[in-house]
Amino acid sequence: MTEGVPEQARQPLAEPAADGGAADGGRRTSRPTAATGGDRSAGSAAGGGRRSAAATRAAILRAARDRFAADGYDRATIRAIAADARIDPSMVMRYYGSKENLFATAAEFDLRLPDFSGVPVDRLGTELVSYFFTRWEGDATLPALLRTASTNPGAAERVRAIFTTQLSVAVGRVVADPAEAPRRAGLVASQLLGVALTRYVLRLPPMVDISPADLIAWLSPTIHRYLTDPDPTPR
């Protein structure tokens with residue numbers, strides 16, 4: 001584990017917000033009751049209780065997140081997600097409409113980037129890269145999202161949104177000129193995502209074999225330059 005990496009980098013990504021939890025009972029296939037807002041798609045632990053709409057959505061999202069992480073977008077199926085959530089597949093389609101919509105919803109990840117503004121300038125590159133690669137190595141969901149984004153437009157848009165909004169904000173707090181934050185964040189993302197693509201998706205042997213510590217040592221100077229060097233383009 002890399003020293004100096006913020007504690008939250010070692011935490012799994014937060015699931016999309018939803019109320020309620022999954023029921024423990026067996027699979028049921030009856031339709032939801034409009035008057036009560038409940039689903040009879042899964043029984044309670046006592047056998048046969050209703051699960052609320054909010055609890056059903058939460059169960060679907062948890063199952064989808066795990067299944068997409070394990071199988072990727074293409075191999076994951078609505079039927080498998082429904083089985084994991086202990087509901088009928090028609091309920092997945094009722095709530096989310098399509099597998100792509102379900103993935104886009106389940107992939108609303110929070111990188112939980114810390115505020116790097118208190119980090120010494122000469123440590124910025126190392127701290128940022130350490131944070132990201134501790135996150136990549138410790139949670140399968142980000143590699144799954146990247147793997148899916150290479151073939152699915154909806155997932156690609158989700159990756160763009162994550163890095164455009166969350167990373168740009170973090171970079172804007174540490175660069176000398178906040179107006180340059182979007183460009184500098186884009187350059188940082190190009191390096192981080194490029195290494196992640198070759199290590200976790202394409203699985204190029206040299207990139208798979210290199211240790212996280214060595215990756216951080218190689219990549220940090222480049223990220224540091226993107227964050228701190230003067231703009232080299234003519235004015």
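Q: Which residues does I81 touch, not counting residues up to four places away in sequence?
A: A contact means heavy atoms within 4.5 Å. By that test, I81 touches I60, A63, A64, R67, F68 and L102. This is a predicted model, in which local features need pLDDT of at least 70 and side-chain atom pairs count only at pLDDT 80 or more, while totals for chains, interfaces and linings use all residues. Residues are numbered from 1 along each chain as its sequence is written, and side-chain values use heavy atoms, with hydrogens and water left out.

Q: Where does I81 lie, and is I81 buried or exposed?
A: Helices (H or I, at least four residues) and strands (E, at least two) are DSSP runs, numbered from the N terminus. I81 lies in helix α2, residues 78–85. Buried means under 20% relative accessible area, exposed over 50%, and partly exposed in between, with a 1.4 Å probe and protein chains only. I81 counts as buried because its relative accessibility is 0%. One of its contacts is R67; the C-alpha atoms of I81 and R67 are separated by 6.5 Å, although the two are 14 residues apart along the chain.

Q: What is the order of the elements in the protein?
A: There are 10 helices and two strands. From the N terminus on, the order is β-β-α-α-α-α-α-α-α-α-α-α.

Q: How many of the residues of α5 are buried?
A: In α5, 12 of the 15 residues are buried, so the helix is mostly covered under the cut-off of 20%. Among them are L128, Y131, F132, F133 and W136, along with the charged residues E127 and R135. For the whole protein of 235 residues, 44% count as buried.

Q: What span is expected of a helix?
A: The expected span is 1.5 Å times one less than the number of residues. Helix α5 (residues 124–138) reaches 21 Å from its first C-alpha to its last, close to the 21 Å expected. Helix α7 (residues 153–172) has 20 residues and reaches 27 Å, close to the 28 Å expected. The buried residues of α7 include V159, I162, F163 and L167.

Q: Which residues line the largest pocket?
A: Rolling a probe the size of a water molecule over the atoms shows where empty space is left. On a 1 Å grid over the protein atoms alone, a pocket is an open set of points where a 1.4 Å probe fits, with protein on both sides within 12 Å along at least five of seven lines; lining residues have an atom within 4 Å of a point. The lining of the largest pocket consists of E180, R183, R184, L187, R225, Y226, D229, P230, D231, P232, T233 and R235. The space in this pocket is about 230 Å³, where a volume is the space filled by probe spheres set on the points, and grid points are joined across faces, edges and corners. Helix α8 gives the largest share of the lining, three residues.

Q: How many residues of that lining are nonpolar, polar and charged?
A: Ala, Val, Leu, Ile, Met, Phe, Trp, Tyr, Cys and Pro count as nonpolar, Asp, Glu, Lys and Arg as charged, and the others, Gly among them, as polar. The lining has four nonpolar, one polar and seven charged residues.
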